[in-house]
Amino acid sequence: MSSRHRKDPYEILGVSRSASTDELKSSYRKLAMRYHPDRNPGDSEAEEHFKEISQAYDILIDPEKRAAYD
């Protein structure tokens, strides 16, 4: 596990704390397309960013996880 501090999932996805499910999905899709490993072969930074985006989305899209985070 990395020694970096965990970033705010809202900040990672570039959405406000009051973002709707549709806003979360839209932001996730845009970022996932941009940083997907298949679109950035051999780019470990893009792969790491893609993982962060996926984790942030996983937290915020699930109402229980989002409530626990907030």
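Analyst: In this predicted model, 31% of the 70 residues of the protein chain count as buried. The chain exposes about 5,200 Å². Carbon and sulfur atoms supply 48% of that area.

Now the overall build. The protein chain has four helices and zero strands. Read from the N terminus, its elements run α-α-α-α. The radius of gyration is 12 Å, close to the 11 Å that the globule rule gives for 70 residues, so the chain is as compact as a globular protein of that length. Along the principal axes, the C-alpha atoms fill a box of roughly 35 × 30 × 15 Å. Take the contacts with a separation of 6 or more: residues 24 or more positions apart account for 55% of them.

The part to zoom in on is helix H3, residues 44-61. Its length can be checked. At 1.5 Å a residue, its 18 residues should span 26 Å. The end C-alpha atoms are 26 Å apart, which agrees.

Next, which residues of H3 are buried? They are Ala46, Phe50, Glu52, Ile53, Ala56, Tyr57, Ile59 and Leu60. And what covers the buried residues of H3? The cover includes helix H1 (9-13), helix H2 (21-35) and helix H4 (63-69).

Pick one residue from that set. Ala56 sits in helix H3. Its relative accessible area is 2%. Buried means under 20%, so Ala56 counts as buried. What does Ala56 touch, leaving out residues up to four places away in sequence? The answer is Pro9, Ile12 and Leu13. Those numbers fall within the range of helix H1 (9-13). Asp22 gives another reference point for Ala56. The two are 34 residues apart along the chain, and their C-alpha atoms are separated by 15 Å.

Asp8 belongs to the segment before H1. Is Asp8 buried or exposed? Its relative accessibility is 19%, and the cut-off for buried is under 20%, so Asp8 counts as buried. Leaving out residues up to four places away in sequence, Asp8 touches Arg17 and Tyr69. Tyr69 falls within the range of helix H4 (63-69).

How values were computed. Residues numbered from 1 in each chain as written. Predicted model: local features only at pLDDT ≥ 70, side-chain atom pairs only at ≥ 80, totals over all residues. Heavy atoms only, no water. Helix = DSSP H or I, 4+ residues; strand = E, 2+ residues; numbered from the N terminus. Rg over C-alpha atoms; globule rule 2.2 N^0.38 Å. Buried < 20%, exposed > 50% of the residue type's maximum accessible area, 1.4 Å probe, protein only. Contact = heavy atoms within 4.5 Å. Areas by Shrake-Rupley, 256 points an atom, 1.4 Å probe, with all protein chains shown as cover. Expected span 1.5 Å × (residues − 1).
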